[in-house]
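Here is a short briefing to read alongside the structure. Take a look at the model first, and then we can walk through one residue and the ligand sites together.

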Amino acid sequence: MTSQRCYAETGVVPSEVNVPVEQQQSCSEVVRRILQRRGHDASQMVQILREVQEALDWISPEAIDLIQAELKVPRTKIEGVAGFYSFFYTQPRGRYRILFSDNITDRMQGNLTLMERLCQALWVEPGKVSEDGLLSIDKTSCTGMCDQGPGMLVNNRAITRLTAERIDAIAELVRGKVPLEQWPAEFFKVEDNIRRADILLDNTLEPGAALRAARARAPDQGLAASNMRSWREGLPTGLGGPAAMLDEIKRANLRGRGGAGFTTGLKWEACRNAPLQTGQQRFVVCNADEGEPGTFKDRVLLTRQADLVFEGMTVAAYTIGARRGFLYLRGEYRYLLDQLENVLLRRRALGLLGNNILGIQGADFDIEIHLGAGAYVCGEESALIESLEGKRGTPRNRPPFPVTNGYLDQPTIVNNVETFAAAALITLNGGEWYAGIGTKHSAGTKLLSVAGDCERPGIYEYPFGVSVLQVLADCGARDTQAVQVSGPSGVCIAPAEFERTIGFEDIPTAGAFTIFDTSRDMFEVARNYVHFFQHESCGFCTPCRVGTSLLKNLMDKLHNGVGSPYDFAEIEKLNQLLQSMSHCGLGHTACNPVLDTIARFRPAYEQRMTQQDFTPAFDLDRALAAARQMTGRDDPGAHFAPAEFGEDA
Ligand SMILES: Cc1cc2nc3c(=O)[nH]c(=O)nc-3n(C[C@H](O)[C@H](O)[C@H](O)COP(=O)(O)O)c2cc1C
Ligand code: SF4
């Protein structure tokens with residue numbers, strides 16, 4: 001094996017940038033150490049590649065050779081995974097890899113001007129590597145800092161509240177090749193901005209209290225032998241213990257907070273009842289991918305209430321009989337990794353994780369943290385599971401659902417961060433208590449990530465049933481023209497609808513609440529969201545891959561002032577195509593921002609139309625043909641055939 005240093009390929013001399021000792025090791029030393037730590041386990045591929053990149057700045061051909069030789073995995077597979085995630089680089093991208101967050105709120109706060117300023121100061125073109133190989137500057141999808149934007153990532157570390165002064169300081173630091181560790185700490189400060197707290201954010205649960213409450217639900221006030229068997233093997237145990245816990249979750253009427261609002265008790269029950277083959281087990285997965293633009297509440301929950309979340313996951317493990325759990329944390333929140341690992345360590349030391357939890361023989365459960373690498377679609381639960389297994393994040397065919405065929409094809413529950421936090425509170429205080437908060441069909445509270453045009457952006461926790469008007473008043477919004485609830489895949493509402501309420505009966509939401517005042521151009525808002533969907537489409541199925549591209553082209557055409565009313569009909573056609581033929585929720589919802597804004601802010605579109613007749617300024621079939629050719633799929637008959645959904649990406 002060669003001892004040549006990988007960073008030599010980047011053209012940057014290490015001593016110039018004071019690289020840490022770890023990075024001065026040879027590529028083979030680094031890769032071997034990572035593989036060793038990851039147990040030479042190919043299902044850890046995403047984590048292996050991430051760590052290789054963190055150590056060596058990119059995933060070089062030499063590193064891939066080594067992984068291939070050591071893990072005996074085909075090179076194409078490794079390259080396929082590396083090529084899927086936008087934070088992985090198989091070409092050198094410089095020692096400083098700068099990505100500007102490009103959500104609509106970043107745009108409103110001037111991210112493009114700041115990016116241009118940095119590019120000019122450092123003599124680099126957006127999207128390219130500087131001539132000396134030192135840095136690259138590009139854009140990325142929302143980094144989850146909308147309440148303190150504009151934001152950026154430098155080597156996956158979040159920087160918030162960018163200003164012209166801060167940009168100039170960053171340019172100096174990069175020019176001086178100052179290691180990130182020596183950059184001013186305040187650059188990396190991420191605020192929680194909790195503006196309204198309720199049962200979740202206000203709680204001061206003592207670690208372990210919910211678990212003790214769960215144990216107390218066992219018939220004899222202790223864990224009966226049968227209940228311990230349940231934890232180990234996931235066997236139904238009749239009354240008491242895990243079954244009683246499940247009843248409590250059902251009584252609470254808890255519904256998932258990740259967007260779809262599925263009843264948590266039913267999900268847990270289906271997983272608990274799913275048969276296990278020999279050697280199989282059940283898994284608990286916490287979805288902290290939080291990729292929906294405008295959403296940042298899971299970041300705050302994990303910062304302030306990590307114990308509550310881990311406690312909820314442990315209660316879930318107890319209820320369904322699982323011994324392994326995963327927290328899937330989006331790559332943008334890399335900075336949280338160490339502090340979350342420390343919480344896990346502390347919980348192990350307290351006997352709240354690991355073997356014999358609470359000192360009870362056989363009560364075993366532990367949690368691993370996996371980091372994502374910049375792919376919104378990995379928030380979709382089956383894509384997330386693929387990613388956990390070390391693969392590309394391609395959504396699976398469903399059914400079968402994860403509750404029977406999840407991680408490693410074994411029964412798995414996937415729940416949102418907020419759902420687990422709520423489950424811990426329910427364990428402690430009872431289902432009836434929880435069901436009494438909120439509304440009839442929407443029990444409990446909801447965390448809203450409030451951002452955009454208001455005086456006090458941040459996290460607001462309300463009992464379900466709060467009106468949009470109330471939220472706007474609380475956060476100091478004025479002259480509000482529109483609110484985008486639940487991000488681009490959610491709904492856009494106008495002032496006439498502000499009496500509507502947050503809840504499953506009216507406006508369900510995963511959490512984003514983005515405000516636009518009357519100075520904003522709602523067409524440009526929709527265009528930004530369409531660009532997001534096109535960028536994040538995983539490309540697995542043709543309707544979404546091509547449909548999101550066509551939609552983006554249409555919106556760009558309107559932006560360039562060459563649209564016609566005919567385009568409305570085209571958008572409607574595309575919507576039907578995406579809704580009915582897409583493989584996953586991303587494609588299903590990709591037209592939402594456009595349809596909602598056309599319905600409510602039609603003049604914003606009409607003023608861009610130069611032709612007022614119904615002339616097709618856009619030929620869908622011709623554009624499809626071009627897209628087919630581009631994607632190497634030019635057999636028209638094969639495009640929207642359901643059989644395609646079963647193909648490998
Ligand atoms: C494209 C796409 C992205 C998603 N992103 C997330 C996410 O970031 N976090 C999340 O909890 N759920 C996300 N979901 C929903 C998950 O698939 C799943 O329904 C959820 O994690 C279940 O948890 P819950 O029952 O607690 O809501 C996404 C769905 C789709 C289609
Ligand atoms: S709809 Fe298809 S192409 Fe789009 S993200 Fe889902 S699986 Fe990927």
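Let's start with Asn103, which lies in the loop between strand S1 (96-101) and helix H5 (104-108). Please keep in mind that this is a predicted model.

**Asn103 and its surroundings**
- Asn103 counts as buried because its relative accessible area is 2%, which is under the 20% cut-off.
- The side chain of Asn103 makes a polar contact of 3.1 Å with the side chain of Thr105.
- Leaving aside residues up to four places away in sequence, Asn103 touches Cys142, Cys146, Pro293, Gly294, Asn528 and Tyr529.

**Ligand 1**
- Around ligand 1 there are 18 residues, and the closest are Gly258, Glu290, Glu381, Asn416 and Thr419.

**Ligand 2**
- You will find ligand 2 in the second largest cavity.
- Ligand 2 is surrounded by 13 residues, the closest being Cys538, Phe540, Cys541, Cys544 and Cys584.
- Sorted by class, the shell of ligand 2 holds eight nonpolar and five polar residues, with no charged ones.

Conventions. Residues are numbered from 1 along each chain as its sequence is written. Chains are lettered from A and ligands numbered from 1 in the order in which they are written. This is a predicted model: local features need pLDDT of at least 70, side-chain atom pairs count only at pLDDT 80 or more; totals for chains, interfaces and linings use all residues. Side-chain values use heavy atoms; hydrogens and water are left out. Helices (H or I, at least four residues) and strands (E, at least two) are DSSP runs, numbered from the N terminus. Buried means under 20% relative accessible area, exposed over 50%, partly exposed in between (1.4 Å probe, protein chains only). A polar contact is a pair of N or O atoms within 3.5 Å; within protein, one must be able to donate a hydrogen and the other to accept it, and residues adjacent in sequence count only if both atoms are side-chain atoms. Contact means heavy atoms within 4.5 Å. A residue is near a molecule or strand if one of its heavy atoms lies within 4 Å of it. On a 1 Å grid over the protein atoms alone, a cavity is a set of points where a 1.4 Å probe fits but cannot get out, and a pocket is an open set with protein on both sides within 12 Å along at least five of seven lines; lining residues have an atom within 4 Å of a point. A molecule sits in a cavity or pocket if more than half of its atoms lie within 2 Å of its grid points. Ala, Val, Leu, Ile, Met, Phe, Trp, Tyr, Cys and Pro count as nonpolar, Asp, Glu, Lys and Arg as charged, and the others, Gly among them, as polar.
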